[in-house]
Structure formats: structure tokens, C-alpha cells
Amino acid sequence: MVSEVNLSKNVCVIGAGPSGLVAARELRKEGHSVVVLEQKHDVGGQWLYDPNVEEEDPLGKNKFLEVHSSIYESLRIVSPREIMGYTDFPFLVKKGRDMRRFPGHKELWLYLKDFTDHFGLREMIRFNTRVEYVGMLDYEEFGNGLKWVVKSKEKKHEKMVEEVFDAVVVATGHYSHPRLPAIKGMSTWKRKQMHSHVYRVPEPFRDEVVVIVGNSMSGQDISMELVAVAKEVHLSTKSIDNISVGLSNVISKHNNLYLHAQIDFLEEEGRVIFVDGSWVDADTILYCTGYSYTFPFLDTKGIVDVDDDRVGPLYEHTFPPTLAPSLSFIGIPRKLIGFPFFESQAKWMAQLLSGKRSLPPRDEMMQWIKDFYKSRDAAGIPKHNTHDIANFEYCDRYGDHVGFPHLEEWRKQLCLSALVNADANLETYRDSWDDDELLQEALKSPHFTQLGV
């Protein structure tokens, strides 16, 4: 439903990363008063590289992490830059900067800074401010009158600031809090264990025997980086029969890189035993096992919780039915073209708060959630992958809620082309490709010509 009502709200956005920045912009477009609370000294969220990880627990077990970014020094983006920009602000090549199609992380951070400055968002952001608590005011009264108490601390001062908002947007990202496996002997293993969240450079692992758990993109990247300095690198994966051609080719090229099945257990003095009975005496175990959703500041009296990385109940991965639209989550979904999707989430949320649009009745939203969970279970998708979308059609249907344009065909095809290339050519896909015709089509599209460039 669409109406011309405009109800200006006082809104708190938590996080100034890709989802928080676009949420702030869309909220202001709708006439809302916006405060963005950001725990770090600048915008960017995950893309604000932090080399200083000494104060962080190596396994990331603290409730509130000292380090937010999980980016390592050499990281380059895994998607071509052409597909990554917001719809009205393309991720352009700029002279004097990293001009590669798959640039390093700093270039994407600079893009987010450009976006912030272009749309004048910085004035809404309070930096070095950590949110300690978000809770409902008079939580027994659900509905339009619901208000939120937000308590935050500025880094230099211990004084807690308490404020009341009409709505809260949680945009804290999902690549910070380490997800760890449960391996027998982990708690008593005496040597070095760490999660990739705190990995930055290869030098500390020189001449070591390193076991890397997980062959995600980060696991593969870090393995390829460590073979140049480590004595041996042992990559442990759930299925040794289901690895990509690209990874297989990399392993065949290096005589100190080995592939193993899952770890069965760890012996206290350093031995790592795999399920097939093989073993290695390791100096370090590096867990590249992904990240968990966590909202340590959020108190919804049990209405929203995280169960094995399923954040719920959330209608369309965004709105808890009994608290919407005064509470929303932007940036929960994974395995999609993120920036345009976050933009569509932000537009919908902002227009719901201004009264231009309305959500279905709560029972309909709850039924959608139940049906969605049932479909994921039927497809054999683990609960912890609930928010892994990997579906262009879903993104397009989501956009229909707010009249957001469907993903351009070239954007979809460039995404798929990069995935296929990475699967076959793991070491070279960021620098060698065969999608030039698609690239030229993209560069001639309105997305890139809208700014007169």
C-alpha cells in the first residue's frame, strides 16, 4: 500500500557501514531526523581496515569485540567493482587510486567515504560511540506508539548517554563475530589458535606448520598467502571430494600445501587428528569458519533472538512482525549483491516509518516466516544458512515492495561470470577474465552514464 502521509520520526541507526550509511540517507530523504552511532573513528564498517588486533581475544570470545573489521591487509574484493555500487552512485574507477576491477579493500572504503561526502551524511554520525543497550520503552505497548531507549558511550568518556527514539535501525554487519566449530580438545590444546577475524599478515606464521579450518574464500586466500612463508599449510575442509577446480590446481602447484578432511580431535600437546586417521603436529590452528550474527546491546524481551545464526522472527529478513516498523535490521542477508539490496531494504524501511507504505498484518508476516523456514528445511539448508540468499529472483521480488528497480541483467551476468571464473581460476580470476562484452554493456548503461561520466 502507498499513501502520501508523511510522519517524521526520530530514528537511531546503529553502524556506519554500507547498510547503515544508505539507511541514513533514505531516512533523511523521507524527512526523518537521524542519528547514526558508529563505534569506530570513521565510516566504512567492515571496510575500515584495522591492523591493530593485539587487544582482541584470538578466538573472538568477548561479548563486545575490541576489533570490528575482519579484513586482512592483502584482501581484494571478490566481485567486480561494476556490480557493487548503489543504484545512483556507481563504483567508478578514479585516477590516482586503485583502478583494478577487483580492487583492494581500501578502494571500497574510499568509495564509501565518497558516498558519505557526496550525500552529506557525515553530519548525522557520532563517531567513536559504542551502543551499550537498546530496549523498548513501556514494551507492553506494541504498535505505532512504541519507543526505544538507546544507551551509548563515547570512547573518551565513561559517561553513558541515554536517549529515546521513535525507531531503531540495526545495521551492524555480519562479518565480525567469529563462528567457531566444536572440536574435541579445542579447550585444552596448548598451542596457538585464532580465528581469521584477527588475521592480518602472513609474517607471524613464518616457518610454522599451520592448519587452516574451512575452505571459504578467506580460507583459500589465506592458504595461498601463507604457503610463501609457512613450512607447511594444511587445509581442512568438510568434503575433500567437493573442492573447486581452482583450489585443486593451487594445491597441485605447491609442495607445502595439503588438503585434509575434517578434524576429529586435538591432542593437548599439539597433534591434530583428522577423521581419516591422518595427523599433523601443528604450531597454529587458524579457523576460517565464518561469522555469527550477534547483537549484544539489543534487549527485545525475547521477541527477537539468534538461534544458530537464524535471526528471527524477521519478515523478509528485515522486520520483526510485532515490533515493525519501529525496529528493523538492514544488511542481514548474505550471498547476494549487497549494496543494491541494502538500498532496497533502506527505502522500504524509511517509507514505512513515514507512513507512505504499510506492512501486511502481523499474522501474515508470521506465516511468511514459517513458510520460508519450512522451504529452507525442505531444501536441506542448515539453519545457520537461513539468511544466505543466493537468488536474484528473491532480490527482485523484495524490491517490488517499494518499487525498487530489478537488478540489471548485466549486473547479474557479471556476478555469475566472476563466480565461474573464481571456481576455475582461483589464483588469477581477479586479474584475468573473458567478460569484456558484458563489461562494455555495463559501462554504457544508465547506471554508469547517470552522472555524466
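Let's start with Ile 212: leaving out residues up to four places away in sequence, its contacts (heavy atoms within 4.5 Å) are Gly 219, Ile 222, Ser 223, Leu 226, Val 233, His 234, Leu 235, Ser 236, Leu 286 and Cys 288. A quick word on the model: it is predicted, so local features need pLDDT of at least 70 and side-chain atom pairs pLDDT 80 or more, while totals for chains, interfaces and linings use all residues. Residues are numbered from 1 along each chain as its sequence is written, and side-chain values use heavy atoms, without hydrogens or water.

Now, the cores. A nonpolar core is a set of buried Ala, Val, Leu, Ile, Met, Phe, Trp, Tyr and Cys residues joined through side-chain atoms within 4.5 Å. Buried means under 20% relative accessible area, exposed over 50%, and partly exposed in between, with a 1.4 Å probe and protein chains only. The largest core has 94 residues, and Leu 27, Ile 212, Leu 226, Leu 286 and Phe 319 touch the most other members. Helix H5, residues 338-353, gives this core its largest share, nine residues. Apart from that core lies another, of 24 residues, including Val 131 and Ile 332.

On to helix H7, residues 392-400, where Tyr 394, Cys 395, Asp 396, Tyr 398 and Gly 399 are buried. Helices here are DSSP runs of H or I, at least four residues, numbered from the N terminus. The buried residues of H7 pack against H5, H6 (362-378) and H8 (409-424). At the N-terminal end, Asn 391 caps H7, with a side-chain oxygen 2.8 Å from the backbone nitrogen of Glu 393.

Notes. Helix = DSSP H or I, 4+ residues; strand = E, 2+ residues; numbered from the N terminus. Polar contact = N/O pair within 3.5 Å; in protein donor to acceptor, adjacent residues only side chain to side chain.
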